[in-house]
Amino acid sequence: MNGSLYLFPVTPEAAPDPAPVHAALEALQVAGAPLAETAGKRVFRAGEGFAREVIFAGCSPHLRFEAAHADDRDFCHLAVHGPLSTPRLFTGPQTGRPRCPSCRTRLDDWRERAIAPLSALPCPACAVTCRAIDLDWRQQAAIGRLLVELRNVFPGEATPSDRLLTALREAVGSDWRYGWAAMSEAP
Ligand SMILES: [Zn+2]
């Protein structure tokens with residue numbers, strides 16, 4: 001199972017201009033040469049700064065920055081998603097039950113909610129109505145219209161550097177947060 005570390009603006013609806021985000025990723029050498037481009041997604045090779053701005057907690061002998069063959073996705077590289085027309089919610093096998101932002105109750109029906117991330121549903125405990133994208137996912141999901149996906153960086157294994165988060169904040173004018181989820185579909 002492939003996993004990714006996603007970086008995204010704190011506001012789910014934010015759809016900033018992606019050009020300054022690309023520029024920031026290139027300036028820090030996190031993004032290297034382009035690998036693929038589709039509508040709404042650009043995929044890059046990891047640059048020389050990737051291992052500097054993604055700080056691994058321990059030794060990571062499996063780190064690999066080159067594809068071994070044409071269909072290989074098990075190497076560190078990155079994708080920039082968006083801006084998407086509506087916020088998307090990325091989850092994964094390690095995603096646990098999110099909490100209601102109002103009463104902190106954990107919600108058991110999160111998998112149904114994740115299917116329609118913009119539908120408003122009442123919290124079963126306090127009856128506050130909120131959307132799946134507004135729940136507290138505790139870094140076990142990724143949410144947004146513009147996201148930077150660092151592929152093959154697994155939960156708890158590494159975190160983005162302060163310098164990278166600062167550069168992204170300056171690129172869009174608002175704070176970013178991060179979370180882990182399954183790797184997005186190819187490319
Ligand atoms: Zn509640």
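1. Pro-187 sits in the segment after β12 (176–182). Strands here are DSSP runs of E, at least two residues long, and helices are runs of H or I with at least four residues; both are numbered from the N terminus. The peptide bond from Ala-186 to Pro-187 is cis, and its omega is near 5°.

2. This is a predicted model: local features need pLDDT of at least 70, side-chain atom pairs count only at pLDDT 80 or more, and totals for chains, interfaces and linings use all residues. Residues are numbered from 1 along each chain as its sequence is written, and side-chain values use heavy atoms, with hydrogens and water left out.

3. Where does Pro-83 lie? Its place is the loop between β5 (77–81) and β6 (88–90). The bond leading from Gly-82 to Pro-83 is cis, with omega near 5°.

4. Now the helices. The axes of α1 (residues 18–27) and α4 (residues 162–172) come within 8 Å and cross at roughly 155°. Each axis is a line fitted to C-alpha atoms over the stretch in contact, and angles run from 0 to 180 degrees between N-to-C directions. That crossing makes α1 roughly antiparallel to α4 (the word applies to angles over 145 degrees). The crossing is right-handed, meaning that the near helix is turned clockwise from the far one by less than a right angle.

5. Which residues make this helix contact? From α1 come Pro-20, Val-21, Ala-24 and Leu-25; from α4 come Leu-164, Ala-167, Leu-168, Ala-171 and Val-172. Contact means heavy atoms within 4.5 Å. By class, there are 9 nonpolar residues, no polar and no charged ones (Ala, Val, Leu, Ile, Met, Phe, Trp, Tyr, Cys and Pro count as nonpolar).

6. The protein is divided into domain 1 (3–96 + 137–182) and domain 2 (102–136), with bounds from an automatic or database domain assignment. Their centres, taken over C-alpha atoms, are 25 Å apart. The contact takes 12 residues from each of domain 1 and domain 2.

7. About 1100 Å² is buried between domain 1 and domain 2, and carbon and sulfur atoms give 58% of that. Buried area is the accessible area (1.4 Å probe) that two parts lose on being put together, summed over both. In domain 1, Leu-89, Trp-137 and Arg-138 lose the most area to domain 2, together 50% of what that side buries.

8. Arg-138 also has a positive phi of about 50°, although it is not a glycine. Arg-138 lies in the loop between β8 (129–131) and β9 (142–144).

Methods:
Angles under 35 degrees count as roughly parallel, over 145 as roughly antiparallel, 65 to 115 as roughly perpendicular and the rest as oblique.
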